[in-house]
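Please keep the sequence and the coordinates at hand while reading.

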Amino acid sequence: MKNSKVFILKKTIYKMKKGVSPVIATVLLISMVIVLGLIIFLWFRGMIVEEGTKFGKNVKLVCEDVNFKASYSEGILSIVNLGNTPIFNMHLRIFEGKGYDTLDLKEKYPEDWEGLNSGGTFSQQIDGEVGNADKLTLIPILRAKSSKGEIPYICGDEYAREVEGI
Amino acid sequence: MLLQDKKGVSIMVGYILLIVGALVMGGLVYQGLKTYVPTEIIDCPEGVSIFIKEKVYDGNNLKITLVNNGFFNINGYFIHATTTQEQKVATLDLSEFIKEGGIKGGGFVLSLFEPNDEKPSNFEGIDIEIYSIQIIPMRFQKEDSRKRFVACGNSKINEDLNHK
């Protein structure tokens, strides 16, 4: 008697067809994966700094093509752009002792600095800033295209060039 | 009963979803990585060369004769001068003072030199004493079916001026 009741109950459960259909379950599963993927993508994108592009290339690669020469004499810093990559701005690193100071040329000399196009030059009296420096290096800053518009990109230290004559 | 239920995404729809997903992901990855592919840099050919055959500087006017001794046309040049004897990089733009032998451009002199061409240029009224000149040839080159202006930094020349 007891056995037959259990059998009927089991049969009823197996026969019960109410619940989420396989199609809806699949749709739900796919939508959840897409939504989760989007959340993770947006989260990571916010954490990664966008570098931007120049001439259709990642701006990091364009730093390799920058070609300029700089010298310092009688308190005057002279720079010439020998390459075909326009230089938007430059950071001058003034090494003294164990540390260094960084001078933003565009920020410091807004009236004289107009950027360096191909063949462009810049010269400026900077002896007041340099003092008794042991070494001067210049780091190029390029203008890159990004989703936020045009952004400045500071090339890595490996692209810094030493200023001759100090 | 559940195992026998055949409703769900059909094999064909499954394949389509899989292929579309793969294509979309491939497209996204391609867009992200294509900017990292190194492309040819815009540069002058190695055979570009120019030299100063003659130079005369009288403290106010400069006369130079340039010769294209390379294998390619040169469409003009940047010309800069040093204003002190110690200065190693020339920064004073002399294109402003061109009177003969070229047209003043935006910081450069426009003048066509075919291979073996020889042309004199006169720069007059230079109000600052100059010690040496630096010339960087430039060309118009076809890049991606459009003409681009290219500076030939690797073919630059320096010349000291003898003061008279």
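Chain B contains 1 helix and 11 strands, where helices (H or I, at least four residues) and strands (E, at least two) are DSSP runs numbered from the N terminus. Along the sequence, the order of these elements in chain B is α-β-β-β-β-β-β-β-β-β-β-β. The radius of gyration of chain B is 29 Å, well over the 15 Å given by the globule rule for 164 residues, so chain B is more spread out than a compact globule. This radius is taken over C-alpha atoms, and the globule rule is 2.2 Å times the number of residues to the power 0.38.

The model is a predicted one, in which local features need pLDDT of at least 70 and side-chain atom pairs count only at pLDDT 80 or more, whereas totals for chains, interfaces and linings use all residues. Residues are numbered from 1 along each chain as its sequence is written, while chains are lettered from A and ligands numbered from 1 in the order in which they are written.

The C-alpha trace of chain B spans about 110 × 35 × 25 Å along its principal axes. Chain B is divided into domain 1 (8-38) and domain 2 (50-160), with bounds that come from an automatic or database domain assignment. The C-alpha centres of these two domains of chain B lie 54 Å apart. Of the 164 residues in chain B, 28% are buried; a residue is buried if 20 or more other C-beta atoms lie within 10 Å of its own, exposed if 12 or fewer, and partly exposed in between, with C-beta atoms placed from the backbone. Two residues are in contact if their C-beta atoms, placed from the backbone, lie within 7 Å. Among contacts in chain B between residues at least 6 apart in sequence, 63% join residues at least 24 apart.

An open sheet in chain B is formed by 4 strands in the order E1-E2-E8-E5, with antiparallel pairing; two strands pair if DSSP finds at least two bridges between them. Strand E1 (50-57) and strand E5 (98-100) of chain B stand at the edges, each with a single partner strand, so one side of each is left without a neighbour in the sheet. Neighbouring strands of this sheet are turned by 30° against each other on average, direction ignored; the axes are lines fitted to C-alpha atoms, for helices over the stretch in contact, and angles run from 0 to 180 degrees between N-to-C directions. E1(B) is joined by 7 bridges to strand E2 (residues 62-68) of chain B, and the two run antiparallel. Within this pair, B:Glu54 has B:Thr65 in E2(B) as its bridge partner.

Chain A has an open sheet of 3 strands in the order E3-E4-E7, again with antiparallel pairing. Its edge strands are E3 and strand E7 (121-125) of chain A, each of which pairs on one side only. In this sheet, neighbouring strands are turned by 10° against each other on average, direction ignored. Of the 6 residues of strand E3 (residues 68-73) of chain A, 5 are buried, so E3(A) is largely enclosed by the rest of the structure. E3(A) pairs with strand E4 (residues 76-81) of chain A in the antiparallel sense over 6 bridges, and the bridge partner of A:Lys69 in E4(A) is A:Val80. The hairpin of E3(A) and E4(A) has 2 residues between the strands, and A:Glu74 takes a positive phi near 50° in this hairpin.

Which residues have the most contacts inside the largest nonpolar core? That core has 59 residues, and those with the most contacts inside it are A:Phe68, A:Ile79, A:Leu142, B:Tyr77, B:Phe78, B:Ile136 and B:Met138. Strand E8 (residues 135-146) of chain A gives the most to this core, with 6 residues. A nonpolar core is a set of buried Ala, Val, Leu, Ile, Met, Phe, Trp, Tyr and Cys residues joined through C-beta atoms within 7 Å. Not counting residues up to four places away in sequence, A:Ile79 touches A:Phe68, A:Ala70, A:Leu116, A:Thr121, A:Phe122, A:Leu138 and B:Val89.

Two further residues may be considered. A:Lys135 is found in strand E8 of chain A and counts as exposed, with 12 C-beta neighbours inside 10 Å. B:Val109 lies in strand E7 (residues 109-113) of chain B and counts as buried, with 23 C-beta neighbours inside 10 Å.
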